[in-house]
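Please go through the structure below with the text beside it.

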Amino acid sequence: MKVVTKDSFRLPYLGREKYIELVRSGVTYDKKTGTFSIKDADNIDRIKLILSEILNDDIAFAQKCFMCQTRFTCTVCEFSNICGTRDIPLYCICKPCYNKPDFVERYFTRLKSSRLR
Amino acid sequence: MSDRMWTEKYRPDTLSLIVGNEEAKSTFIAWLKRWKIGDKAALLYGPPGTGKTTLAQVASKEFGYRLIEMNASDVRTKEAIMRVAGPTAIEDSLFKTLYKGTGSMLFIDEVDGIFGREDRGGVGAVLKIIAEAKIPIVLAANDPWNPRLRYLRQACETIRFYEIRPPMLIALLKRICRSEGIDADKEALQIIVENSRGDIRSATNDLQSLAEGRKTLKVSDVERLSPRDRQADVQETLRKIFLAENFKQARRALDESDIDYEMLLQTLHDNLPFKYVDPSTLASAYNKLSQADVFLGRITRTQSWSLLSYALELMAAGIASANEGGYRSAQYRFPPYKIMLLARTKAERELKKNLCLRVGSKCHVSSRVANNDFLPFMKVIFRNDASLASSIASWLQLEGEMVKYLKQVEAS
């Protein structure tokens with residue numbers, strides 16, 4: 001299984017058709033860095049399908065922990081069977097952070113410090 | 001017991017307290033910060049209870065905007081929309097001058113509600129307001145993929161909201177439990193979260209209905225919730241409706257209800273005999289409900305939505321009159337069986353219809369031909385040939401849900 005990070009990932013040579021398919025599905029390409037990123041997750045199933053064809057392997061998208069910023073996949077999550085957004089690359093909370101005794105305080109402290117303004 | 005809903009009591013009042021959808025929040029705030037006259041509106045879309053309305057309300061407060069809210073499900077025609085939203089959106093200078101604020105922000109909730117058959121120029125009115133607006137406009141919708149919303153999507157910066165992820169929802173519920181002095185089992189909260197399907201409103205309502213006034217919440221307390229499937233908020237609404245002591249209270253409860261009118265009528269119809277005991281008052285209540293049904297029928301036929309208030313008044317009168325004859329406690333029956341059958345397949349029927357329209361327009365055939373002659377073969381291809389399926393999906397520009405529908409194996 002290959003783990004793909006939403007913000008930046010590299011691919012082997014795709015060919016024109018696959019490239020167009022990816023772009024139409026919501027993936028962008030940065031010529032400077034030579035990396036792809038997922039701009040729009042609406043067609044995430046299609047992106048997954050195309051990437052798995054290109055990489056010839058199963059694909060999992062990396063989730064980012066809102067609290068410690070580490071990357072992990074839904075396969076290790078205890079809520080994966082009840083989560084409606086499984087494998088969509090979004091902020092989540094990793095298992096070690098969730099299992100900390102003061103998880104609730106830490107989560108709301110992190111929310112307050114997320115400096116949206 | 002508190003008479004305040006926990007969804008209101010614990011509604012965030014600052015941006016930093018809104019749980020989940022970090023990406024959507026950041027995108028929306030960035031849009032609001034850089035907004036200038038002539039820019040696109042923002043369309044917040046996603047499942048219910050994910051914080052779209054709260055985000056608009058809290059952001060307007062924090063950025064010093066006067067928020068003008070409007071629910072598109074209530075105001076559907078061009079004239080009504082222009083009367084409510086038009087002047088505000090186009091002339092904002094008075095408020096700025098008088099109150100020295102940032103100005104106003106217009107928030108149109110449930111914008112997908114105006115795109116039914118009853119929509120008389122509503123789409124055009126909203127588009128006109130967006131094009132001429134001198135203030136930021138925020139729209140919210142559950143399902144923005146209706147083909148009629150196409151032009152509106154183009155006129156907006158779309159921001160998607162997802163279901164709230166379980167760990168975040170659990171954090172919120174634990175926080176509420178602490179504030180209320182409730183010792184809740186981790187597993188009990190997990191069951192509530194599972195039932196809510198990422199909907200903060202449902203989860204909070206479930207928690208309140210199960211734990212309010214108690215000191216502990218155990219798995220055994222929550223077990224009865226499992227088969228109910230997101231009905232706690234509906235149960236709360238029905239409780240308010242049936243406990244109304246007079247016409248005025250019943251009318252207010254009906255106004256606040258977010259249950260579809262037809263379903264509401266059916267629900268009242270199904271529940272009345274289980275709730276009220278006196279046969280003569282019950283007969284009078286059913287008489288009122290039948291009159292309300294006549295009005296709802298006229299609304300459907302003529303699209304005269306101005307008749308809706310009469311239908312609601314009659315429903316309220318029905319409940320209030322039945323209540324005079326005594327009340328007995330029983331579990332509310334919802335949804336009504338007749339509606340339940342239709343509702344179960346509605347989303348799938350809608351998806352299939354859109355899929356057929358798309359295939360039809362691309363292949364120059366009617367949607368009926370697409371359904372009968374194309375779809376069966378497409379289903380076989382999507383189930384067996386991933387590569388060909390991917391090309392077809394790309395050519396037809398199919399959405400994820402459509403691909404999923406084509407891939408699913410039909411029950412024998």
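This is a predicted model: local features need pLDDT of at least 70, side-chain atom pairs count only at pLDDT 80 or more; totals for chains, interfaces and linings use all residues.

The secondary structure of chain A consists of four helices and seven strands. Read from the N terminus, its elements follow the order β-α-β-β-α-β-β-β-β-α-α. Of the contacts in chain A between residues at least 6 apart in sequence, 59% connect residues at least 24 apart.

One position in chain A can be followed in detail. A:Ile47 lies in helix α2 of chain A. Is A:Ile47 buried or exposed? A:Ile47 has 25 other C-beta atoms within 10 Å, and because the cut-off for a buried residue is 20 or more, A:Ile47 counts as buried. Leaving aside residues up to four places away in sequence, A:Ile47 touches A:Leu22, A:Ser25, A:Gly26, A:Val27 and A:Ile38. A:Ile59 is twelve residues from A:Ile47 along the chain, and their C-alpha atoms are 9.7 Å apart.

Helix α2 also takes part in the contact between the chains. In that contact, 31 residues of chain A meet 31 residues of chain B. On the side of chain A that touches chain B, at least two residues each come from α1 (16-25), α2 (44-55), β7 (91-92) and α4 (103-112). The residues on this side of chain A comprise 19 nonpolar, four polar and eight charged.

From α2(A), the residues involved are A:Ile44, A:Asp45 and A:Arg46, and they meet B:Gly400, B:Val403 and B:Lys404 in α20(B). By type, the residues of this contact between α2(A) and α20(B) are two nonpolar, one polar and three charged.

Chain B also contains helix α15, residues 279-302. This helix has 24 residues and reaches 35 Å from its first C-alpha to its last, close to the 34 Å expected at 1.5 Å a residue. Which residues of α15(B) are buried? They include B:Ala285, B:Lys288, B:Leu289, B:Ala292, B:Phe295 and B:Leu296. An α-helix has 3.6 residues a turn, so residues three or four places apart point the same way. After α15(B) comes B:Gln303, which has a positive phi near 60 degrees.

Note on methods. Residues are numbered from 1 along each chain as its sequence is written. Chains are lettered from A and ligands numbered from 1 in the order in which they are written. Two residues are in contact if their C-beta atoms, placed from the backbone, lie within 7 Å. Ala, Val, Leu, Ile, Met, Phe, Trp, Tyr, Cys and Pro count as nonpolar, Asp, Glu, Lys and Arg as charged, and the others, Gly among them, as polar. The expected span of a helix is 1.5 Å times one less than its number of residues. A residue is buried if 20 or more other C-beta atoms lie within 10 Å of its own, exposed if 12 or fewer, and partly exposed in between; C-beta atoms are placed from the backbone.
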